Amino acid sequence: MSISSFVKTLQNIMRNDAGVSGDAQRIEQIVWMLFLKIYDAKEELWEFHEDNYESILPEEFRWRNWAVDAKDGKSMTGEQLLTFVNAELFPTLKTLNVDENTPINKAIVKFAFEDAYNYMKDGVLLRQVLNVIDSIDFTDYKERHAFGDIYEQILKDLQAQRASGEYYSPRATTDFMVQMVKPQLGERVADFACGTGGFLTSSLNYLEKQVVSVEDREKYNQAVFGIEKKAFPYLLSITNLLLHDIDNPTIVHGNSLEKNVREYEAKDKFDVILMNPPYGGSEKDSIKMNFPMNLRSSETADLFISVMMYRLKRDGRAGVILPDGFLFGEDNVKVAIKEKLLKDFNLHTIIRLPHSVFAPYTSIHTNMLFFDNTKPTEDVWFYRVDMPEGYKNFSKTRPIKLEHFQPVMDWWDNRVEIINERDEKARKFTVQEIIDRNYNLDLCKFPQEEEEILEPHELIAHYIADRTRLNKEIDEVLAEIQEMLGEPL
């Protein structure tokens, strides 16, 4: 079954169910069932390799024993199926006995269902959905990996329905950043707001090419670590890693900002950190207390940058996607964060991204920052990725592709300044030049205004950011004029 037809078939079935409202709920329905189907396939493999394997699930709640239609007229459907799912299956999964000694590959079942729900009210339609999902053979390596593309489409469709600052990171962006950071087997890659697991799976795809032995496979299985605050993205990321043959997905369901950053020890640090943290959010005051006074920001993304700095190993590498506001922000906290980043780390590259990279989820202007924990910053290279020829905007149907990053990939290991008259596409700035600009990193800008179609709340955020920038520029011009006139500032 093709990618589009699989998802479309399931959604069409559920559109006839009065209990499911909208595509977001339909996809949530698909995902909890997919998880159980995939988990059952993984258990088949674990049983084959482990003579004494015992499932955390009671026998009657394993997918093979309630969801599979043997075509003998005995499979549950209608009210019987609904009653089983609502009154027995979900309560059991939510209350599984899990403690600190429970293996990760078993504990994830309870964690995945903590906030999952069955919205369907028609047991006959539910049976039809189960049958379509059960038609995928996840014990077959090729079919399981081919399904990764279907899952990718599910994530895109889901994120198109959701808001609140959460959005899907295009595969091209995560693949590009992984290729620039170059994780190696034996290193651990972390994302402290991993969402659906995009950076982690891109890292695994990159690392899988390095696997040539049993020992390498063990390193691969332990290569990634994630934390996700919200329950549903957590379920999505766990399922994503199972599809990538990670038997014990080390993804924590929690808030990365809840621990005091000054308490991190060597064991809490990572070789590689890759993130696209949530923007525009704010945390309660008790969370801010986990950071030194000068780093206590009201902006969620700022707090995650600090976490990255405190959790990056010596000689470790990091990449992060941030909005323009971080680059030109000159409030005390942003300046302090950038000062620490330049003083304690090597911020070697900033990639300016064209608008609408994250369309249709957001049109906020974004940038990729790459730094390592090797030495203080001496120079920062800026490179502007222009909109590809023939594109006015990226969109859901015409997303950014890895090939659009080819010019910057060619430039990466052979860096030269690209300056035409007043247009700076690539340029190196010394750390002193940046300090003299009061840590303003808004350099190598796009030369012309870009046409954008924004959602109302994004339009407001965009105008506020532009107003802040313009007010700053106006103040600087007025200060120069007043100084020329000899008037007091």
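1. Does glutamate 44 count as buried, exposed or partly exposed? The model is predicted, and in it glutamate 44 has a relative accessibility of 41%. Because buried means under 20% relative accessible area and exposed over 50%, glutamate 44 counts as partly exposed.

2. As to its setting, glutamate 44 lies in helix α2, which spans residues 22-49. Together with Asp137, Asp140 and Glu143, Glu44 forms a negative surface patch.

3. Helix α8 (residues 171-181) presents another case. Of its 11 residues, 9 are buried, and the helix is therefore largely enclosed by the rest of the structure. The buried residues are Ala172, Thr173, Thr174, Asp175, Phe176, Met177, Val178, Met180 and Val181.

4. Both helices and strands contribute to the cover over the buried residues of α8: it includes the helices α9 (198-208) and α16 (406-412), along with the strands β4 (270-275), β5 (312-323) and β7 (366-372). After α8 comes lysine 182, and the phi of this residue is positive, near 55 degrees.

5. For the protein chain overall, the model contains 18 helices and 10 strands. The chain has 489 residues, and buried residues make up 53% of them. Its accessible surface comes to about 22,700 Å², with 49% of that area belonging to carbon and sulfur atoms.

6. Regarding contacts along the sequence, those between residues at least 6 apart were considered; 75% of these join residues at least 24 apart.

Methods
Residues numbered from 1 in each chain as written. Predicted model: local features only at pLDDT ≥ 70, side-chain atom pairs only at ≥ 80, totals over all residues. Heavy atoms only, no water. Patch = residues over 30% accessible without salt bridge, like charges linked within 9 Å, V, L, I, M, F, W, Y side chains within 5 Å. Areas by Shrake-Rupley, 256 points an atom, 1.4 Å probe, with all protein chains shown as cover. Salt bridge = Lys/Arg side-chain N within 4 Å of Asp/Glu carboxyl O. Lys, Arg positive; Asp, Glu negative; His and termini not counted. Charge placed at Lys NZ, Arg CZ, Asp CG, Glu CD. Helix = DSSP H or I, 4+ residues; strand = E, 2+ residues; numbered from the N terminus. Buried < 20%, exposed > 50% of the residue type's maximum accessible area, 1.4 Å probe, protein only. Contact = heavy atoms within 4.5 Å.
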